[in-house]
Amino acid sequence: MERVVTINLNGNSYQLEEPAYDALRAYMTRAEAALGANPDKAEIVRDLEQAIADKCGSYLSPGKSVVSASDMSRILGEMGPVEGEAEAGAQQQQSGAAPNHEPFRPNRRLYRIYDNGAWTGVSAGMAAYAGIDVAWVRIFWIVSGLFTGGFTCLVYLVMIFAVPVASTSEELAAAHGAPFNAQEVIDRAKREYGRFTETSTANWRSEERRWRRSWRQQQRTWDADRGAGATQAAAAPAQPVGYVERMFAGLFAFVFSIITAALLIAFLIAFFSLLSSGSVLGWTPPGDAPTWLVLIVLAIAYAAISSPFSALQRTSYATLSGRRTGGATDGLATIAIVVLVGAFAWVYSPDARAFMEQGYVVVRDFVTYWDRQW
Amino acid sequence: MPIADEQFAGLRKGLLEFAILTFVSGRASAYVGDILEALAPTPFATQEGTLYPLLSKLRREEFVDYQWVESGQGPPRKYYQLTDKGSGRLGELAAYWRHLTSTLESLGR
């Protein structure tokens with residue numbers, strides 16, 4: 001899914017995907033800069049806009065009303081860099097006519113691409129990377145999933161987390177490994193990539209260190225407000241991070257989601273088996289400790305064990321989304337895994353099914369008890 | 001050929017103005033699409049990004065002028081034609097070009 005920007009090119013409106021719009025604006029900004037003090041600047045800019053509008057028109061049809069990022073990179077490639085008069089003399093010696101420029105090829109990278117009909121973007125990204133039709137990749141996943149008994153489905157699942165989404169025009173260009181002629185965009189991409197690789201690794205580490213400090217503090221006063229610690233831990237870099245960092249953040253998000261979900265499941269099992277049978281996996285609380293006390297101890301132990309993992313999970317999601325707080329994604333992911341595991345257990349394991357029914361009985365009894373008492 | 005392309009780019013660039021004036025002189029009027037299309041198969045192949053600024057410079061120097069002409073589909077287009085001053089300039093360029101080539105030939109002898 002891509003946001004669409006409606007623009008006015010010389011009095012006609014066109015709809016562009018957001019990365020296409022970014023690329024166009026970068027091109028026009030550079031054109032204006034190159035024209036500098038040219039007295040006919042405004043007119044040339046209008047002419048260029050008109051030429052781009054004409055080209056946009058040729059990429060559209062009754063069935064296609066939006067100019068995509070790849071359309072735009074092709075259009076701007078056809079337009080060629082705008083040469084001001086001052087610059088034209090200087091360039092004359094160096095590189096000469098625009099069509100002979102070696103097109104810039106960004107590093108080809110695997111991204112997820114949300115394009116037409118993409119569900120997770122994994123297949124579209126792989127297709128763009130390999131330069132083949134997305135249908136072949138989808139068929140590959142389905143066939144290999146059938147033959148390996150679902151193993152590749154797991155690979156696919158991990159890829160959803162580990163492969164970053166291409167969200168900017170530079171990333172889209174990198175996903176296709178396509179030449180990209182809008183010089184401004186390239187310059188920006190190079191500059192920013194350099195900066196990110198320098199800073200983001202350090203950022204990620206310092207965030208981890210900061211988190212560890214805050215966690216130790218939290219350990220000391222861990223009956224204090226747990227939310228404060230978690231928010232601080234989630235203060236991931238609020239800027240886009242490099243490809244590798246995003247990949248690791250994705251993997252961490254995946255692993256920690258599973259760990260927190262497993263801990264939650266373990267807690268639920270322990271909680272309900274204590275309530276219903278007074279023991280946890282065959283272990284009976286010592287002596288005459290009342291059940292409510294054991295439950296409280298269990299809840300505290302769960303909070304202590306799971307809080308570092310959920311904080312790490314939260315940081316990973318925040319890094320992925322590039323926002324300071326990862327939103328509710330991490331919690332939702334945990335709940336989704338728990339529900340999924342629960343559903344599978346319900347269908348495939350009679351023991352688990354019996355246990356869950358037992359849990360339901362416990363809850364029902366508790367509710368009737370509550371009603372009677374109050 | 002690609003090597004020659006790269007090496008002589010500066011030479012072609014300097015002559016692009018000559019090429020455009022020559023093309024425009026050959027017909028009553030031409031719009032940018034015509035010029036691009038005609039130059040595309042030649043060594044003077046160019047792009048909008050180069051052509052628009054160059055045409056505006058030629059117009060400012062009064063070598064060409066344009067008129068808005070309604071097109072069948074889409075918005076009106078600018079049709080350029082050579083001015084009197086422009087054909088004078090083209091004559092000068094052609095004479096100078098002949099002078100250059102004959103000089104080069106005589107140097108080799």
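How many helices and strands does the secondary structure of chain A come to? I looked that up first in this predicted model: chain A has 14 helices and 3 strands.

**Whole chain.** I checked burial next. Of the 374 residues in chain A, 38% count as buried. Then I looked at contacts in chain A with a separation of 6 or more, and 64% of them come from residues 24 or more positions apart.

**H3.** I went to helix H3 of chain A, residues 69-79. Which of its residues are buried? My list reads Ala69(A), Asp71(A), Met72(A), Ser73(A), Ile75(A), Leu76(A) and Met79(A). I kept a reminder beside it: an α-helix has 3.6 residues a turn, so residues three or four places apart point the same way.

**H5 and H6.** I then turned to helix H5 (residues 122-130) and helix H6 (residues 134-147), both in chain A. Their axes come within 8 Å and cross at roughly 125°. Because of that angle, I put H5(A) down as oblique to H6(A). I noted the crossing of H5(A) past H6(A) as right-handed.

Which residues meet there? From H5(A) I have Val122(A), Ser123(A), Ala124(A), Met126(A) and Ala127(A), and from H6(A) I have Val134(A), Val137(A), Arg138(A) and Trp141(A). Sorted by class, this contact of H5(A) with H6(A) has 7 nonpolar residues, 1 polar and 1 charged.

Definitions and conventions
Residues are numbered from 1 along each chain as its sequence is written. Chains are lettered from A and ligands numbered from 1 in the order in which they are written. This is a predicted model: local features need pLDDT of at least 70, side-chain atom pairs count only at pLDDT 80 or more; totals for chains, interfaces and linings use all residues. Side-chain values use heavy atoms; hydrogens and water are left out. Helices (H or I, at least four residues) and strands (E, at least two) are DSSP runs, numbered from the N terminus. Buried means under 20% relative accessible area, exposed over 50%, partly exposed in between (1.4 Å probe, protein chains only). Contact means heavy atoms within 4.5 Å. Axes are lines fitted to C-alpha atoms, for helices over the stretch in contact, and angles run from 0 to 180 degrees between N-to-C directions. Angles under 35 degrees count as roughly parallel, over 145 as roughly antiparallel, 65 to 115 as roughly perpendicular and the rest as oblique. A crossing is left-handed if the near helix is turned anticlockwise from the far one by less than a right angle, and right-handed if clockwise. Ala, Val, Leu, Ile, Met, Phe, Trp, Tyr, Cys and Pro count as nonpolar, Asp, Glu, Lys and Arg as charged, and the others, Gly among them, as polar.
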